[in-house]
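Hello,

Here is the structure I promised to send you. Please open it, then read my notes below.

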Amino acid sequence: MKRLGPLFLERRLAPPRSVVFGVSFLAVLVALLLAALVFWAYGVSPVRAYSEIGRGTLGTVGGLSDIVRRAIPLILCGVGLTLAFRAQFWNIGAEGQLLAGAVAATGVALFVRVPDGFRLPLMFLAGFGAGAVWAVVPALLRVKLRVNEVISTLMMNYIMAYIVEWLVHGPWKGPTMRGFAYTDMFPVSARLPLIAGTRIHWPTLAVGVLAAVVVALLLSRTRLGYEIRVVGQNPDAARYAGISFASVLALAMVLSGGLAALAGVGEVAGVHWRLRSPGHVSMGYGYTAIIVAWLARGSPIAAVFTALLFGLIFAAGDLMKTTLGLPFQITGVFNGLILFSLISSDLLMYWRVRWAPKEKAWTGQAGL
Amino acid sequence: MDWTSWLVGTVSRALAFGVPLLWGTLGEIYAERSGVVNLGVEGMMILGAYAGFAVAQTLGHPGWGLLAAAGVGALAALWHAFLTVTLRANQYVSGLALTLFGLGLAGLLGRGWEGRPLRAPLGAVAVPVLSDVPVLGPMLFRDQTILTYLGLLLAVVLWVVLFRTRWGIAIRSVGESPATADSLGISVARVRYLCVALGGVLAGVGGGYLSVAYRPAWTEGMTAGMGWIVIALTIFSAWDPLQAIWGAFFFGALYHLSFRLQAYVSPELLKMMPYAFAILVLAASGFGRARWRARAPGALGVPYVRGER
């Protein structure tokens, strides 16, 4: 409880949804204002920058489709991360899990003999499996050996990135690629169909939206979802209730990593049609997805929409590079600023301001 | 190949590569001892590397560069402290944001500086007398910059401060049980701000060392995940500045070997070695004595609110 002049500040335990939304929206707005300073420091008029971005992304069909294309991996990774974060497991490893999926899908696309009709489904399956394995290792390390998951998931990102690097420079380097660090192009049966006139590989998008719905139902309507939430909110209570911390965490991570890996399958099968160096396959989607999940406050459905917002930022990054001559790193600055601004606003949600004038306080030595 | 000269070269370079890890780890140990995890080490290091290079290049003296690196690191860390101590934001997320922001900003600002060698790098200091000792001289005392010796000295000083002075008791009690410290009249917020800021200064210098001394040039992403190794090392060294020395130089050796062995194994596989070892080391310490675990500061990661449990 604090008094600020005629205003009375008091705590609230659970902010209503409208407040969460309003404060988050304001936070993003503040971050965009701060980013305007970066534009200005770079000698680009912020007004011009934002109007160019608005026109180039939201104003054209090509721009809109680019937003969606960029949002696809963010939806899958972000939905997966909401699961892990609900269990209070700090999965920073979506980037590596995504790449694991890309590797597995490439393996199936290029080196496995299957009838054409089964190739794509098998790529998705293999990708999910690879991501699940890559994600369940940190969960087991945490449960069995108490290894901090922030470190282990992060380290595994680097390890997977170097595995991809090794594959495209070494054993999987395409003989027809004239010395470039690519694998060969995927056969047509391993390429995802696009929506005509755009670059949206719609099967991955459909899988992502479906995953969001399924995960939302899983969290709210099933036993596993309940156990995940209990483990996250109160591990002690979970233990007393006889919930197995290890198996709940492992299952949550299988799903979380598997979904992130599907994003990787989508990128190689829908965008690149080959495996290439990790920085090109992912562009940091796995890290950005952390912000996506955070902004969505752990709600998988909301993650679809926050993913679209960050799809917009990525598309804007592309645009700024071509029209304003700003380097692509500006998206990292944007993302960092948004995250900063979001977490600073967190406290705001848990306070309610009430108008309660009191004669004495009004005369004002309260420091205002 | 001459075996001795190979060993001398390897140890000497491992020592040099361990320096940024050592500085970063010492800083993170202080931050975490006061109860604040800062996952922004990578961001602070890259900002330090950029600021160090840009200032040293502009003013023509490496000292100014390192000073700027320290200042930038401190600023970034203070921002983290403000968010986590004053606004009580989630420490993990704030640190991640700092890393994302730092990598982005340094990449953005560093565009024009890419690939140019630094005109006035920090030179090596040969220790008189000791550097003439056969084998050990060139191994330890000839090709090192002043920051190697300062780092070692700092580790000892920070150990003494942490475990043998009143300040150290204040820091550790704030990290173990802030409510108790508060009731004894220690300002929890002030101690945490100072420790996190010190962490930023040391991480900044560690980053500056990379661009001003170790490889005197600016390359985007030149910290290459060292900030994360620092965080693993902090756990591995059981939050003890003296033990950080061994850890830092062990990982320095791993980094160096990953370049050195490229003639025999493919470089991509070698480069993953430090990261794989970081997991292995943490897993191995999970097998070991439970004593190690007990040393994690009790209030690590928990924001302090007076009057709340």
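First, a term. A residue is buried if 20 or more other C-beta atoms lie within 10 Å of its own, exposed if 12 or fewer, and partly exposed in between, with C-beta atoms placed from the backbone.

Next, the ground rules. This is a predicted model, where local features need pLDDT of at least 70, side-chain atom pairs count only at pLDDT 80 or more, and totals for chains, interfaces and linings use all residues. Residues are numbered from 1 along each chain as its sequence is written, while chains are lettered from A and ligands numbered from 1 in the order in which they are written.

Now two residues to look at. Trp273(A) is not a glycine, yet its phi is positive, at about 60°. Find Trp273(A) in the loop between helix H10 (245-272) and helix H11 (278-282) of chain A. Helices here are DSSP runs (H or I, at least four residues), numbered from the N terminus. Trp273(A) is partly exposed because 19 other C-beta atoms lie within 10 Å.

Gln88(A), also not a glycine, has a positive phi near 55°. Gln88(A) sits in the loop between helix H3 (61-86) and helix H4 (94-111) of chain A. With 16 C-beta neighbours inside 10 Å, Gln88(A) is partly exposed. For background, most residues other than glycine have a negative phi.

Last, the two chains. Contact means C-beta atoms, placed from the backbone, within 7 Å. By that rule, 35 residues of chain A touch 38 residues of chain B. On the side of chain A that touches chain B, H14(A) gives the most, with 12 residues.

Best wishes

Terms used. Two residues are in contact if their C-beta atoms, placed from the backbone, lie within 7 Å. Helices (H or I, at least four residues) and strands (E, at least two) are DSSP runs, numbered from the N terminus.
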